[in-house]
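Subject: Structure for you to look at

Hello,

Here is the structure I said I would pass on. My notes on it follow below.

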Amino acid sequence: ETTISLKEKAEFNVGAAVKSSLLKTDAQYADAFKANFNQLTAEFEMKMDQLWLSENNYNWEAADYLVNFAEDNNMEVHGHALVWYRAFPDWFKNQSNDSIAFESKVKTYISDVVGRYKGKIKSWDVVNEVFADNGGARNEDIIAPLFNDPTAFYGRCFQYAKDADPDTKLFYNDYSVVIDEGKRESIKNMASRFKTEGFPIDGIGAQFHYGTDTGLTKINDGFTDLASTDLLIHISELDIKINVNKSNDFSLYSGNAQQQSVIYEAIVAMYETLPESQKFGISTWGVSDNYSWLKTEWHPKEFPLLFDADLNKKLAYQGFLNGLN
Ligand code: G3I
């Protein structure tokens, strides 16, 4: 049985995505989170559709609760996420059919949100998931059609965040970054363009929503390529599916819990090979299997995280711990 916890052994942030409702109602969940992690990401309560009820009208309650919880428990807060097409509220989308109005509202939003938590939220996902897997613009996106140069708009969003809190670290966050070369190329091109044009980007968030069927060689190669940007690298939403074929008669220990542990260990060990200057941290997308988004979005019998439904440490926890230097 392990004695040292992840946060005690790691020399970088070990975070998890949490929900205020669970911290308030599930003491075991809250205790496991406090005992093992030192960084908090809001799973959804710091997104535009949760904060921004109408122009000049914000709902700060849940975000304030999470920031206070983190402060009370000596945790850092990673802000997620300022600009994301899936979190634009309907009232905002309906009002912004020209780029000037759209950008003016986004600038106000970023200034209000980052400004409120100045000095409290040490890092932000400024822009989330703007590229399709092949690296092109997303077709669901409303930004690309509005702007003839969307990348410049994204760069200005980073500047708005920097202006609101010069000390916060600013990230671009996306999924399939290390396994989709087209997407990774677009991200690298955007990051180098930001540097050339003076837009303030500090890091890349690679979400790492993978499975026991994702090839480790592919992950390693993509990760090495991503690290060549010399930016901070945040493994921002780590979870490892084991019910990869979505079978209905599947249980955690009949499945490949051991293989899951091997994958967690390999990913953490790979992260440890980064230069110190590029280490920011690893965050899992949730604390315990029972509350994972994948139970609704993938399969009810999915067990992707480090703790089981009873908040026992799984083999995956030991794997993560073994991967740490
Ligand atoms: O808690 C409320 C509930 O009170 C309300 O009755 C219900 C119906 O409106 O909504 C509930 O909130 C839901 C929330 O999850 C909590 O379950 C939101 O509708 C729902 O949109 C939200 O989904 C989140 C999703 O992002 C969209 O924000 C997921 O929890 C979250 O896991 C998912 O996370 C994303 C990352 O932000 C970006 N990367 C991909 C990742 C997975 O999609």
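Backbone notes

Lys-246 lies in the loop between strand S10 (232–241) and helix H12 (257–272); helices (H or I, at least four residues) and strands (E, at least two) are DSSP runs, numbered from the N terminus. This is a predicted model, in which local features need pLDDT of at least 70 and side-chain atom pairs count only at pLDDT 80 or more, while totals for chains, interfaces and linings use all residues. Residues are numbered from 1 along each chain as its sequence is written, and side-chain values use heavy atoms, with hydrogens and water left out.

The phi of Lys-246 is near 50 degrees, a positive value in a residue other than glycine. The peptide bond from His-80 to Ala-81 is cis, with omega near -5 degrees, and Ala-81 belongs to strand S5 (residues 76–83). Most residues other than glycine have a negative phi, and most peptide bonds are trans.

Ligand site

The ligand is surrounded by 13 residues (a heavy atom within 4 Å of it). The closest are Glu-43, Lys-47, His-80, Glu-129 and Glu-237. By class, this shell has four nonpolar, three polar and six charged residues; Ala, Val, Leu, Ile, Met, Phe, Trp, Tyr, Cys and Pro count as nonpolar, Asp, Glu, Lys and Arg as charged, and the others, Gly among them, as polar.

Polar contacts here are pairs of N or O atoms within 3.5 Å. A polar side-chain atom of Glu-43 is 2.5 Å from an oxygen atom of the ligand, and one of Lys-47 is 2.6 Å from an oxygen atom of the ligand. The protein covers 55% of the 780 Å² of accessible area that the ligand has on its own (Shrake-Rupley method, 1.4 Å probe).

Overall fold

The protein has 14 helices and eleven strands. Its C-alpha atoms fill a box of roughly 55 × 40 × 40 Å, taken along the principal axes.

Regards

How values were computed
A polar contact is a pair of N or O atoms within 3.5 Å; within protein, one must be able to donate a hydrogen and the other to accept it, and residues adjacent in sequence count only if both atoms are side-chain atoms.
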